[in-house]
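Please examine the sequence and the model before reading on.

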Amino acid sequence: MMKAAALLLAGSMALAACASDEKSGGTASESSASGGGKDLKIGLAYDTGGRGDRSFNDSAYAGVEAAIKEHGGKLSELSPNADASNRADLLTQLADQGYNPIIAVGFAYGQDVVTVAKQYPDVDFAIVDSSAEGQGADNLTGLLFAENEGSFLAGVAAALKTETNHIGFVGGVDTELIHKFEAGYVAGATAVKPDITVDRQYISPEGDFSGFNDPAKGKIVAQGMFDAGADIVYHAAGGSGLGVFQAAAAAGKRAIGVDSDQYQTVDDPALQAVIMTSMLKRVDNAVQAYIDSFVDGSVKGGSDVINDLSTDGVGLATSGGFIDDIKSDIDEYKQKIVDGEITVPTEPTK
Amino acid sequence: MNALRRLGPALFAPVLAVVVAVVISSVVMAALHVNPLRVFEVMFDFGDTPSQQVTALVVIVNRAIPLFLAGLAVAVAFRMGLFNIGVEGQYRLATIMAAAAGAAVSLPAPLHVVLIVVVAMLVGALWAGIVAVLKVTRGVSEVISSIMLNFVALGLASYFLTGPFRGTAAGTQIVSTKEVPESGWVPSLNGILGALGLANPPRQLYGFLVIALVAGVGVAILLNRTRFGFDLRASGLSASAAVASGVDARGMVVKTMLLSGGIAGLIGLPDLLGSTHAYTTNFTAGLGFLGIAVSLLGRNRPGGIALAALLFAFLDRSLVPLQIADFPASVVTIFQGTIVLAVVIANEVARRVTRRAAERGTAEATEAGPTPGPGLTPPPGGSTDARQEVQA
């Protein structure tokens, strides 16, 4: 066995040696081409799920795509391995290959991106959903969203549309981030109807991320709310949201999607019919705006860009036309938030 | 001629497996309109500068260390015919307990590390011990109980992280335990890289490598050179025969599971003591399950497991350059899958070929006949190595 091992190792070493010999020519020419600072080389590191999640990651991709259409350049997109243990490697490799700027999608990169940004002070980094302030890396920009403001409008829409004066909220994981959705939603609903009942439930506790990807449990939780009398349920539960839609379809009730326009991304027409609206988190706009500012040299590192209602960083989707009749009311609330007349809380009242 | 004859069967299985895996995945890649030659080229490209190349090696070794420990933990139980599928829960629970214990005390450097390691091994062993006790007292299959205890362990780890052991203030998105003070860290081996004349990479080579190697050598000696190891392997080959020759079957189950769980407790420590210094909500998960594949690939022997772990780590690292070169990352997944399948099949083929050769050998003369005794091997291992060991 040991001899076998030694031979195998020797063989693979030899292979490695000749492979890297052949390669060196190709890479050299490639890297010299990138030397001329005009070509934009954008690195995009996805959250678990990668491209094709029809939500968060795809939205980031759309933003980069739009930016490339405008400024030219090329994109390299990377997904982490199955257990996402190589997040730091993704960022390091992109930086080593001369990609600049590098955009990390999702708060899971929060710690790794700070470490890597400090190692590559000449490269600009951005992180979606995590704060760059006070992290000590002045080449890192945080792209944050006022999810509470978008969710406020979702709450307004639900309160205006409910016939039973009873609505629901399903959170994926009981974390700070999802609390913002809940707080805004409840505040919006009670602003319209102070006596409304809002059921709130989380699928998994903090520290257990399964709640973002468990449609079966999402379905059970939403079913419970519909059985209890709710007729509209808003979910902030990632992949588990599919279960919420299924429960709504089965109960003949309605649901509100999250992050992307889920009316457009869900395939099944039966489920499409129950998606009244979606709370949009315009990751694409935020990413595009960041690349714009990178191109014109106005990136301010070490700080956060907050995308809220005033910048259309969050909002409601109108696909399907279910909320067209209450559009003026929603716009009114939106204006009040933008003007500062209404301050939307970020922590839910218990 | 004689040397070739001896080496032939031992080499046959792994080489056959790798060749078959390369051929099958090349065919799949070609069907997907991906040039397999380019793919292999990218996989073996470690970068242009010495610093990048050493970084690549460090990344591979750092990833291989926890995989090796996971494979070792699974293999110890496997050799006795026990399927410890609970390695996942054992190491997650052990890691958070070790992180909490390490953060709670302040000791001089070597003692602090020893304490953390001991806590991790104890927790892992105790958690695996539940499985063993259920098996020997109530006859519960270890497969069922160890899988189900995984869920309990993950739930407990989640509870401890967000409850009593929470170290981060409210408002942070990634929750972690309190940081282990520096005296509890295992220093990196980058100094040794420098002494070897290699470039000093930005990544730190985990010092836990030394502890993992000690564990590997220890397990090898324990299995092959001690009475305990002999009893363990004998029970794995034939429980009834082992009992008949005086082995305490129940005691062996408990001891083996404790050992397997103790090693499982080490899996999270390279990352914990080498880079993260705290258990967080996104601490690497799933290593326990990968360990099963690594152990199978390494034919349940420490040396083989080390190679298998390196191979998996190598494939894992190539995910990034492949994506940068615009190849689908699924290429690596296909490759990993075919390798595991090919190894299982190749082991079986090699076993039959050797047996036939041995039978022919016995018929002709008696000098090369299959000798029972020290050549005890478990199921996927086959008798190839047994014969090698006997003859060597």
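Chain A contains 12 helices and 12 strands; helices (H or I, at least four residues) and strands (E, at least two) are DSSP runs, numbered from the N terminus. The model is a predicted one, in which local features need pLDDT of at least 70, side-chain atom pairs count only at pLDDT 80 or more, and totals for chains, interfaces and linings use all residues. Residues are numbered from 1 along each chain as its sequence is written, while chains are lettered from A and ligands numbered from 1 in the order in which they are written.

**Chain A as a whole**

Of the 350 residues in chain A, 52% are buried, where buried requires 20 or more other C-beta atoms within 10 Å of the residue's own, with C-beta atoms placed from the backbone. Among contacts in chain A between residues at least 6 apart in sequence, 68% link residues at least 24 apart; a contact requires C-beta atoms, placed from the backbone, to lie within 7 Å.

Chain A is assigned domain 1 (37–145 + 282–312) and domain 2 (147–281 + 320–339), with bounds from an automatic or database domain assignment. The C-alpha centres of the two domains are 28 Å apart. Their contact involves 11 residues from domain 1 of chain A and 11 residues from domain 2 of chain A. On the domain 1 side, 5 of these residues are nonpolar, 3 polar and 3 charged. Here Ala, Val, Leu, Ile, Met, Phe, Trp, Tyr, Cys and Pro count as nonpolar, Asp, Glu, Lys and Arg as charged, and the others, Gly among them, as polar.

**Packed helices**

Two packed helices are described by the angle between their axes and the distance between the axes. Axes are lines fitted to C-alpha atoms, for helices over the stretch in contact, and angles run from 0 to 180 degrees between N-to-C directions.

| Helix pair | Angle | Axis distance |
|---|---|---|
| α3 (residues 87–96) of chain A and α14 (residues 302–324) of chain B | roughly 40 degrees | within 10 Å |
| α5 (residues 109–138) of chain B and α6 (residues 142–162) of chain B | about 145 degrees | 10 Å |

The contact of α3(A) with α14(B) is made by A:Asp89, A:Leu90 and A:Gln93 on one side and B:Val320, B:Pro321 and B:Ile324 on the other. By class, this contact has 4 nonpolar, 1 polar and 1 charged residues.

In chain B, the residues joining α5(B) to α6(B) include B:Trp127 and B:Ile130 of α5(B) and B:Leu149 and B:Ala153 of α6(B). The residues of this contact divide into 6 nonpolar, 2 polar and 2 charged.

How values were computed. Contact = placed C-beta atoms within 7 Å. Buried ≥ 20, exposed ≤ 12 C-beta atoms within 10 Å, placed from the backbone.
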